[in-house]
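These are my notebook entries on one chain.

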Amino acid sequence: IQDDLGILGINSGSGAGRQSGFVSDDDSCDEGRVDAIIGAVVTLFKDDWWPRVVSQASMADGCNLSTERKQLVQVLSSTLAGEVQIIDGMDTLTAAINIARLVTLAKTPAAAFLRDALRRDAAGCMDLEAKL
């Protein structure tokens, strides 16, 4: 999760002394607050990422969405990996599910390309169903 959430500016490991990019356990931060912070960062990622997907998909030259697809897989894999222990809140899980829901319900060719990255049989992609 450390490498994957690096794109979001978060460091997270397991055990005592685990840190996020904003607060650390050494600062007497409980797991619920860490969950809330990671959830907020994932939501901000979605809020910035989706308009970029829509904008690039609408370009007349058929812009390539490979980078956005890779980011989608990285964010969902990281947040659903189970390395962030959720005690008091479900902010991280909710934020990840909201991204998956957005991609799943969108009726555009770009969303279809992104959905392919979430299927078990897609090479170099993740199995979203297994993660959930």
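I took contact to mean heavy atoms within 4.5 Å. The model is predicted, so I noted that local features need pLDDT of at least 70 and that side-chain atom pairs count only at pLDDT 80 or more, while totals for chains, interfaces and linings use all residues. Residues are numbered from 1 along each chain as its sequence is written, and side-chain values use heavy atoms, with hydrogens and water left out.

Entry 1, Trp49. I listed its contacts, not counting residues up to four places away in sequence: Glu68, Gln71, Leu72, Ile99, Val103 and Leu114.

I defined a nonpolar core as a set of buried Ala, Val, Leu, Ile, Met, Phe, Trp, Tyr and Cys residues joined through side-chain atoms within 4.5 Å; buried means under 20% relative accessible area (1.4 Å probe, protein chains only). The largest such core has 26 residues, of which Trp49, Trp50, Leu72, Leu76 and Ile99 touch the most other members. Helix 1 (31-57) is among the helices that each supply at least two residues, and its seven residues are the largest share. Helices are DSSP runs (H or I, at least four residues), numbered from the N terminus.

I found 10 of its 14 residues buried, so helix 2 is largely enclosed by the rest of the structure. Leu72 and Leu76 are among the buried ones, as are Glu68 and Arg69.

Leu72, Val75, Leu76 and Thr79 of helix 2 meet Thr92, Ala96, Ile99, Ala100 and Val103 of helix 3.

Definitions and conventions. Buried means under 20% relative accessible area, exposed over 50%, partly exposed in between (1.4 Å probe, protein chains only).
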